[in-house]
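I opened the model to look up two things.

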Amino acid sequence: MSTTGPPISADTYKLGFIGAGKMAESIARGVVKSGVLPASRIQTAHKGARRAAFESFGVDVAQHNNQVVENCDVVIFSVKPQVVKDAILQLRPVLSEKKLLVSVVAGVKLKDLQEWAGHDRFIRVMPNTPSAVGQGASVMCLGAGATQEDGEIIAKLFQGVGKIWKADEKLFDAVTGLSGSGPAYIFLLIEALADGGVAAGLPRELALGLASQTVVGAASMATQTGKHPGQLKDDVTSPGGTTIAGVHELEKSGFRGILMNAVVAAAKRSRELSSN
């Protein structure tokens, strides 16, 4: 089935979204804000209340999905997993190899997406919710008919909402367990740190602000200094000091093991869901 369609011009291509939900909006906003594409080259379709969200930053909203496919060179499917098959099958007559197709749908494999579309010029991307604020962690995998140039176009798009890595599709369940589900673990961590601050006597608002910014700052150090997280931790823990006392409590409670187990459990659940 492997076929390579004509090259897509990175300077003039049009981007379409099938599905006008929050993830599609986050990607579209990020792409416009970062200057990757002007809003005039982006389109989606919706008949309801979501029209206003896209129109508010200049994106054209059509009446029907097939108009989006006909008008656009790159088409991103951003719908619920349970409806993606029907969405692709309904559009199949207009999904030629000239179109680069992309899926951000969780748990749906490339082989199924390609079979429904009738060709394999398809790229699967696993983004996460911080894409909404331009700090996403996305991973992509190219179908057999997607060229290196296709991959570069999609990488540049998703760099508009954070960072993107390439990986084999067999790793996507583990990716789901770490970066896909990971924001929820960090939200729990922030909430728990803030609760600790309140327990130690801080006002709630101050505790939450300090907890959130501490996580932002620590993550920035991990990504920007090039140091191993263990080294960064050692840099803060002076002999007999406050930090090592706190770290000791975390270690006694199995803090690392709990987080590792969470990632493994979410990855296992992702495998179960994608095999159904």
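I count two strands as paired if DSSP finds at least two bridges between them. The model is a predicted one, so I keep to its rule that local features need pLDDT of at least 70.

**Entry 1: strand S4 and its neighbours**

I started with strand S1, residues 15-18, and asked how S1 and S4 pair. The two run in the parallel sense, over four bridges. I then looked up the S4 partner of phenylalanine 17. That bridge partner is isoleucine 76.

Next I checked S4 against strand S5, residues 100-103. This pairing is also in the parallel sense, with four bridges. Here valine 74 stands opposite leucine 100 of S5.

I followed the chain between these two strands. S4, helix H4 (residues 84-91) and S5 make up a β-α-β unit, and its hand is right.

Are the faces of S4, residues 74-77, covered or open? I found both covered. Val74 and Ile76 are buried on one side, and Val75 and Phe77 are buried on the other. So Ile76, the partner of phenylalanine 17, falls under the 20% relative accessible area that buried means.

**Entry 2: salt bridges**

I ran a search of the whole structure and got 13 salt bridges. Side chains of opposite charge can pair when their charged atoms come close.

I noted the accessibility of each. Glutamate 25 is buried, at 12% relative accessible area. Arginine 29 is partly exposed, at 35%.

The second pair was aspartate 235 with lysine 227. I read 3.0 Å, N to O, for this salt bridge. Aspartate 235 has a relative accessible area of 44% and is partly exposed. Lysine 227 is partly exposed too, with 39%.

Lysine 233 comes out partly exposed, at 34% relative accessible area. Aspartate 234 is partly exposed at 41%.

Technical notes
Residues numbered from 1 in each chain as written. Predicted model: local features only at pLDDT ≥ 70, side-chain atom pairs only at ≥ 80, totals over all residues. Heavy atoms only, no water. Buried < 20%, exposed > 50% of the residue type's maximum accessible area, 1.4 Å probe, protein only. Right-handed = clockwise from strand over helix to strand, strands pointing away. Salt bridge = Lys/Arg side-chain N within 4 Å of Asp/Glu carboxyl O.
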